[in-house]
Amino acid sequence: MVLATVKRFTTAEYHQLTALAFFQEDDRVELIDGQIVEMAAKGTAHETCNRRLMRELLKLLGDRATLQNQSPIVLSNQSEPEPDFAIVQNRADDYLSGHPTAADVIWVIEVADSSLGYDQAVKLPLYAQAGIADYWIFNLVEGRIETYSEPYQTAEGQFGYRVTRIVLPNEAIALPRFADSTLDLVKVFPPQTH
Amino acid sequence: MVLELRLLTVQDYHRLTEAGILDAEERVELIAGQIVRMAAKETAHSAAVTRVELLLRNCLGHQLLLRLQDPIQLDNYSEPEPDIAVVKLEPRYYEDHHPKPSDVYLVIEVADTTLQRDLKTKALLYAQSGIADYWVLNINDRQLHVLRSPSSSGYQQELILAEAMTVAPIAFPDCAIAVREMLSSVQ
């Protein structure tokens with residue numbers, strides 16, 4: 001179907017749907033370019049990586065930033081993804097008045113198992129377009145971390161990141177903006193099962 | 001990359017309209033769980049619908065209902081609004097529910113800018129829901145596509161009729177209509 005003809009929802013309409021109890025408890029959805037997309041089911045490797053990242057990031061960040069886990073960030077009037085992790089500026093009301101916008105986001109992390117293609121092909125250009133300076137993918141499929149930085153836009157309106165680095169699961173990586181803190185990936189990455 | 005879309009059911013779709021999220025003015029239909037905008041009504045399109053409506057009324061009389069751009073509910077995820085649907089009489093005029101595939105004799109879409117959508121996406125949808133007779137009037141090329149023998153993989157039979165030919169609905173074989181009469185008179 002030609003996508004140009006599909007109705008795109010705005011974030012305002014999407015919030016109305018949530019207020020109308022449109023989505024069930026177990027409906028894990030996010031709004032991407034006006035379309036309501038189902039998120040991948042939670043596998044154990046994904047969840048273990050999440051738990052460890054949560055523990056390590058909270059220790060490293062302390063009070064310097066706010067860590068949110070699978071919570072919404074509003075990127076445009078048609079996109080409201082729920083990344084595995086978003087490290088956002090501290091706010092006195094802790095975003096009670098509205099979800100963080102792209103300007104509030106320091107960096108985003110996705111843990112990718114079955115969602116790897118989606119995190120690389122759909123979410124990457126979305127985050128680049130929103131100007132999110134740093135984006136990490138914990139690639140559980142290939143057992144490595146991909147870090148993306150320096151978003152760019154082409155003349156044709158394509159978005160991406162200029163710089164990609166591969167970091168191996170036994171290495172350490174400095175946090176964006178808080179370069180004095182390093183994340184020891186051995187503490188986070190689930191042992192390879194193969 | 002194909003997204004795992006959260007498909008909308010017909011119930012979801014109706015709730016969206018009731019909640020005012022879908023404007024009553026927005027010309028949309030529900031196709032396979034997605035809300036799709038319909039093309040704007042150009043004059044050539046409207047004129048063709050009028051011509052076909054009159055031709056059908058003339059030969060079919062009052063033994064059925066002719067619905068123009070009104071919903072038919074194909075299944076739980078699709079509620080298109082075909083240009084013309086020839087449907088069974090119903091004592092309450094479908095007050096309680098839109099016509100279902102078993103109520104439908106014939107669907108006709110008039111294709112101006114939407115030919116590919118009508119011949120591919122919509123044809124598959126109508127075939128999968130068992131609509132036995134589906135016509136697409138290609139007003140730009142002055143031809144009528146007649147699609148029959150529905151199956152889960154689409155219509156098994158497609159005839160393309162030039163304007164000199166005639167066609168009759170499967171359900172009403174005595175109602176012969178010249179394709180030329182459905183089209184605008186050539187200037």
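**The sheet of chain B**

Mentor: Over six bridges, strand 6 (residues 133–138) and strand 7 (residues 143–151) of chain B pair in the antiparallel sense; two strands pair if DSSP finds at least two bridges between them, and strands (E, at least two residues) and helices (H or I, at least four) are DSSP runs, numbered from the N terminus. B:Tyr134 stands opposite B:Leu147 in strand 7 of chain B. This is a predicted model, in which local features need pLDDT of at least 70 and side-chain atom pairs count only at pLDDT 80 or more, while totals for chains, interfaces and linings use all residues. Residues are numbered from 1 along each chain as its sequence is written, and chains are lettered from A and ligands numbered from 1 in the order in which they are written.

The pair belongs to an open sheet of six strands in chain B, with the order 3-4-5-6-7-8 and mixed pairing. Strand 3 (65–68) and strand 8 (154–162) of chain B stand at the edges; each has a single partner strand, so one side of each is left without a neighbour in the sheet. On average, neighbouring strands are turned by 20° against each other, direction ignored; axes are lines fitted to C-alpha atoms, for helices over the stretch in contact, and angles run from 0 to 180 degrees between N-to-C directions.

Helix 2 (residues 43–60) of chain B packs on this sheet and touches strands 3, 4, 5 and 6 of chain B, contact requiring C-beta atoms, placed from the backbone, within 7 Å. The direction of helix 2 makes about 175° with that of strand 3 of chain B. Helix 4 (residues 121–128) of chain B also packs on the sheet, touching strands 5, 6, 7 and 8, and its direction makes about 125° with that of strand 8 of chain B.

Notes:
Contact = placed C-beta atoms within 7 Å.
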